[in-house]
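My notes follow in the order I took them.

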Amino acid sequence: MTPKEQYDALYERSVEEPDAFWLEQAQLVDWQRFPKQALQYEKPPFAYWYPDGQLNLCHNAVDRHLEARGNQTALIWVSTEVEREQRITYQALYRQVNEMAALLRNLGVGKGDRVLIYLPMIPETVVAMMATVRLGAVHSVVFGGFAAHSLASRIDDATPTVVMTADAGMRGGKVIPYKPLLDAALEHAQSARPQVVVVNRGLDPDLKMGEGDTDYHSAVAPLAGVEIPPEMVASSDPSYILYTSGTTGRPKGVQRDTGGHAVSMIASMKYIYGVGAGDVMFSGSDIGWVVGHSYIVYAPLLVGATTVVYEGIPIRPDPGIWWSMVEKYKVNCMFTSPTAIRVLKKSGPDYIKKYDFSSLRWLFLAGEPLDRQTHAWVSETLGKPVVDNYWQTETGWPILSNFAGLGLMETKFGSPCKPSLGYNIRLVDSQSGAQLGADVKGALMIQPPLPPGCMTTIYNNDDGFVETYFSRFDEPLYATFDYAMYDQDGYYFIMGRDDDVLTVAGYRMGTREIEEALCTHPAVAEAAVVGVKDEIKTQEVVAFVVLTGGLDNPGAESLRDVVSKEVGPIAKPRDLYVVSGVPKTRSGKVLRRAILAICEGRDPGDLPTIEDAAVLDVIREAVGTG
């Protein structure tokens, strides 16, 4: 069978016979009690996968590999910030996880309790996650870029028994204190004060330990050799809470289950990423984001692979650092964001081509729409398959993807290919909810029940789960909040957030359409477009472009003409600015709302996830409002 024939058969079975299909996939997991039922769906849209199954995530990710591959490297930690490398075998990881689990248990953590993890990209972060689920507890990893008040809101929502933090992290050569931010957050928090455990890396000479704070390394030293049996939990019990970025008001904690999560992670590695035991996977993300949860930590460990954990940025010490790591560690599968590739594109292909990456089978990209030009550039530069895939924090694994594990179907630049297994995709009119055909842009929805591994609810807010994701139309469909279209071959193209839509003189168009048009010009490395208020036209298009290194500035009028040609005269930007960078979150998403606020003379507000706040001044200077 061809890859397409294999995909068609698997996909049809996954949506037409979901119970039988997902029970088969459950065999990939080591259960204490194997489930007899795949899905309990008596209270839509709440789906309970493998309701009669029992298991432990840490056992599946660590213990089950000890006999066959205890001496294999489980984790390679590389830090270009502190210039260190550490390799941890599965056996060593097992020892460290047991020691930390013993510490957490001594501090009162038990089944169902929450442990908030506020740590940088260090091995202890992975160990903390594993130790938490070993006890049957629930971890909530908070990205290190969050400010004190944002951290406080997450503490109040999760009410953790223990918070794990560090003295500091590092980014771009700068020390970022963590403990002072946590102390300030605990001052703001309204909930009961949790126990605090501090990993002292020796980066902050001014570290102040509070009364009752625990030094991690001192506390685990007496626990060497202790073994903590994994606590078996029900499949539907939560494994973790992950707060989505950019929330306002009450934090929105995506809650993941245990059994469905384990099955989806292993199945996605088998079918989508083509990664198995002994392979090496490098995901250029942060553990504080969903890509880090799924494809730095859980999926690689669950299948017995080696995962690379990187503390650093992709251009330091130079833009070749990631590719040098691919060569050194014989990486088989790499995963990062389109933004990271656009950053590297600015530096040109030489930094990539100087390294031997013959071990690399394919590169996966996700996190935002991948434009055709970047897709083509990186494919040509690498000479390897580049797979776009589309998903969300809420789903935990791809909604749309190609399938390396099946041999890969035809690639279409700019398309994340086809629906993943179990995802019953619906493309509908954004106003009426009527189903749409090929080559028509509409709202991308998913027919529930959501497949295993997707969020089961918003933590402590079932009503918010229904209202946020399933109340858009009379028919309960899960809203992705993205626009898309599909072609005659069934390939999907993501057109951008459905709130990133401009209305210019009565015409509606997506920001991504204009950005992609600008990126067709060889001199443009990336673009960001916003719609500024206009009394006559409702909105006017304003564009910001970052030029490719080594090429001349083609001029604003030339770039406007490209938009006019590719999208239409109505989309031609009123203003177009060449800038050195655009503001983004550390996960690579462009902060269009911050750009828009500056363009309209407003304060962009608190941006706890911004990668480089100095870029806001670049935008201010360009538009003359700063």
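I began with strand 4 (residues 73–79) and strand 5: six bridges join them, and they run antiparallel. Helices (H or I, at least four residues) and strands (E, at least two) are DSSP runs, numbered from the N terminus. Two strands pair if DSSP finds at least two bridges between them. I looked up one partner: Val78 is bridged to Glu85 in strand 5.

A note on the source: this is a predicted model, where local features need pLDDT of at least 70, side-chain atom pairs count only at pLDDT 80 or more, and totals for chains, interfaces and linings use all residues. Residues are numbered from 1 along each chain as its sequence is written, and side-chain values use heavy atoms, with hydrogens and water left out.

Which order do the seven strands take? I read 5-4-17-16-18-19-20, in an open sheet with mixed pairing. Strand 5 (84–89) and strand 20 (386–388) are its edges, each pairing on one side only. On average, neighbouring strands here are turned by 20 degrees against each other, direction ignored. Axes are lines fitted to C-alpha atoms, for helices over the stretch in contact, and angles run from 0 to 180 degrees between N-to-C directions.

Then the helices on this sheet. Helix 10 (residues 259–273) lies across strand 16 (280–283), strand 18 (333–336) and strand 19 (362–365). Helix 10 runs at about 120 degrees to strand 19. Helix 15 (residues 372–382) touches strand 19 and strand 20 (contact: heavy atoms within 4.5 Å). The direction of helix 15 makes about 155 degrees with that of strand 20.

I stayed with helix 15. Helix 13 (residues 338–347) packs against helix 15 at about 65 degrees, with the axes 10 Å apart. The two helices therefore count as roughly perpendicular; angles under 35 degrees count as roughly parallel, over 145 as roughly antiparallel, 65 to 115 as roughly perpendicular and the rest as oblique. Which residues meet? From helix 13 I listed Ile341, Arg342, Leu344 and Lys345, and from helix 15 Thr374, Trp377 and Val378. By class, I noted four nonpolar, one polar and two charged residues in this contact. Ala, Val, Leu, Ile, Met, Phe, Trp, Tyr, Cys and Pro count as nonpolar, Asp, Glu, Lys and Arg as charged, and the others, Gly among them, as polar.

Buried residues of helix 15 include Thr374, His375, Trp377 and Val378. Buried means under 20% relative accessible area, exposed over 50%, partly exposed in between (1.4 Å probe, protein chains only). Their cover includes helix 12 (321–329), helix 13, helix 14 (350–353), strand 19 and strand 20. Just after helix 15, Gly383 takes a positive phi of about 70 degrees.

I moved to strand 11 (residues 195–199): four of its five residues are buried. Strand 8 (residues 162–166) pairs with strand 11 in the parallel sense over five bridges, and Met164 stands opposite Val197. Strand 12 (residues 214–215) is also parallel to strand 11, over two bridges. There, Val198 has Asp215 as its bridge partner.

Last, an open sheet of four strands, ordered 23-24-26-27 with antiparallel pairing. Strand 23 (425–428) and strand 27 (492–497) each have a single partner strand, so one side of each lacks a neighbour in the sheet. Strand 24 (residues 442–446) and strand 26 (residues 478–486) share four bridges. Ala443 stands opposite Tyr483 in strand 26.
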